[in-house]
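Subject: Structure handover and notes

Dear colleague,

Here is the structure I promised to pass on to you, with the sequence alongside. My notes on what was found follow below.

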Amino acid sequence: RSNALYATETSVVTVQGVQFCLMPFTFKRIPPKIPECDVLVSHLPPFGVQDRTYQMTHAGSMSLRRAVENSPVKPRLWLCGHIHEARGASVEHFCSNGKISGDTAAAKTLVVNAANANAGRAKRLTAGSMLVDVDYVSSRTEERTDGIGKITCALTGLLRDDSLEALALKESSSETNDPNRNLLAVDLGLKTATAHFDANGQFQEVNTWNFANPDELEAAIPKLIANATHIVVEGINADLYALWSRATFPHQKMVRVRAEDWRRALLLPREHRNAQQSKAAARLVARQIVGETANTGRKGSPIGSTDAAEAIMVGYHAIRELKWGDTSGPAVKRYSNGNIIR
């Protein structure tokens, strides 16, 4: 036995001036409002936030979400789990009828799904712990007006400092968008490809190269990244990643993304059961992405190679995570009898 305390009813405890609301794990109807608190702790995530399963369905609690939306004071931090494959964090607005009244910054809530078991039915632990530093006194002080306040995240495991999730979390707390920003997605390798997206998330161009050796690649990288503000790299070769990392300028933000993350986000489960299926699906979906998001008169290489397609997929996944441009609606449109099903 772990000797852990198990919440059987809604409770509020105060630790060093920070109020924690503990919600019991239940599928029964939740009270219409939650008690006023700084940190909400529940097993279930809110519906639509950090709750997407491998079947691409939302499995969070709508009752919990509605209770927070109906509460006059929103928690700054919401800790949850349950959906293991949805591990991660995001900053959200929980407001009734989709409207934000009063102080818009104060309505922000950092949602952290800290699940650390394997995807699906839990059999083993596959991820490290998550550490959230809560550095403020109370949500009822003037500090609340700065959005998520002084809540900062140092998430071990999934949210490394160089992860896409960490960058998305950091930028989601900013109220300003740089009109000159642009993103370069890199499919790591000597045989490599890069895809460019503009500040509005529109695809610009894709290029492919075949470098003879790491020295040749290292010499070319500064020119390849010269105009990028954000660089997203997918690949497992640590030595080649180091070449890209060393070449970045101080103003550039470089992060990594895992292949399984963009595949899970953009492909159906049956489309990425193995590497061959994933590559074939990536080539098809990349063409659709280019057709729907590209500016006219795009430049660069044709989308014929798997490297080029995967660079586009990595970039498209990144701009959706960073919420550049219009990211509403399904990431990839699929149709049934003329109707969009995803």
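The mean pLDDT of the chain (the predictor's confidence in each residue, from 0 to 100) is 79, and 80% of its residues reach 70 or more. This is a predicted model, in which local features need a pLDDT of at least 70 and side-chain atom pairs count only at pLDDT 80 or more, whereas totals for chains, interfaces and linings use all residues. Residues are numbered from 1 along each chain as its sequence is written, and side-chain values use heavy atoms, with hydrogens and water left out.

Confidence is lowest in strand β8 (residues 152-154), at a mean of 40, and highest in β9, at 96; helices (H or I, at least four residues) and strands (E, at least two) are DSSP runs, numbered from the N terminus. Over residues 100-106 the pLDDT is below 50, and this stretch has 8 contacts in the model beyond near neighbours in sequence, a contact being heavy atoms within 4.5 Å. Residues 136-159 also have a pLDDT under 50, and for them the model has 71 contacts beyond four places in sequence.

The strands around β12

Strand β12 (residues 230-234) is mostly covered, with 5 of its 5 residues buried; buried means under 20% relative accessible area, exposed means over 50%, and partly exposed is in between, with a 1.4 Å probe and protein chains only. In a regular strand the side chains alternate between the two faces of the sheet. In β12, H230, V232 and E234 point one way while I231 and V233 point the other way, and all are buried.

Strand β9 (residues 183-187) pairs with β12 in the parallel sense over 5 bridges, where two strands count as paired if DSSP finds at least two bridges between them.

M254 is found in strand β13 and, at 13% relative accessibility, counts as buried. M254 lies 24 residues from H230 in sequence and 5.9 Å from it in space, C-alpha to C-alpha. Leaving aside residues up to four places away in sequence, M254 touches D162, I231, V233, Y241, W244, S245 and T248.

The six-stranded sheet

An open sheet of 6 strands has the order β1-β2-β3-β4-β6-β5, with mixed pairing. β1 (11-15) and β5 (88-93) stand at the edges, each with a single partner strand, so one side of each is left without a neighbour in the sheet. The twist averages 20 degrees from one strand to the next; axes are lines fitted to C-alpha atoms, for helices over the stretch in contact, and angles run from 0 to 180 degrees between N-to-C directions. Within this sheet, β4 (residues 77-80) and β6 (residues 108-113) pair in the parallel sense over 4 bridges, and L79 stands opposite V112 in β6. Helix α2 (residues 164-172) packs on the sheet, touching β5 and β6, and its direction makes about 20 degrees with that of β5. Of the 9 residues of α2, 7 are buried, among them L164, L167 and L169.

The axes of helix α3 (residues 214-225) and α4 come within 9 Å and cross at roughly 40 degrees. Where they meet, the residues of α3 include L217, I221 and L224, and those of α4 include L240, L243 and W244. In helix α5 (residues 259-266), 6 of the 8 residues are buried, so this helix is largely enclosed by the rest of the structure; W262 and L266 are among the buried ones.

Most residues other than glycine have a negative phi. Q50, although not a glycine, has a positive phi of about 50 degrees; its place is in the loop between β3 (39-41) and α1 (62-70), and at 17% relative accessibility Q50 counts as buried. K323, also a residue other than glycine, has a positive phi near 60 degrees and lies in the loop between α7 (306-322) and β15 (335-336).

With best wishes
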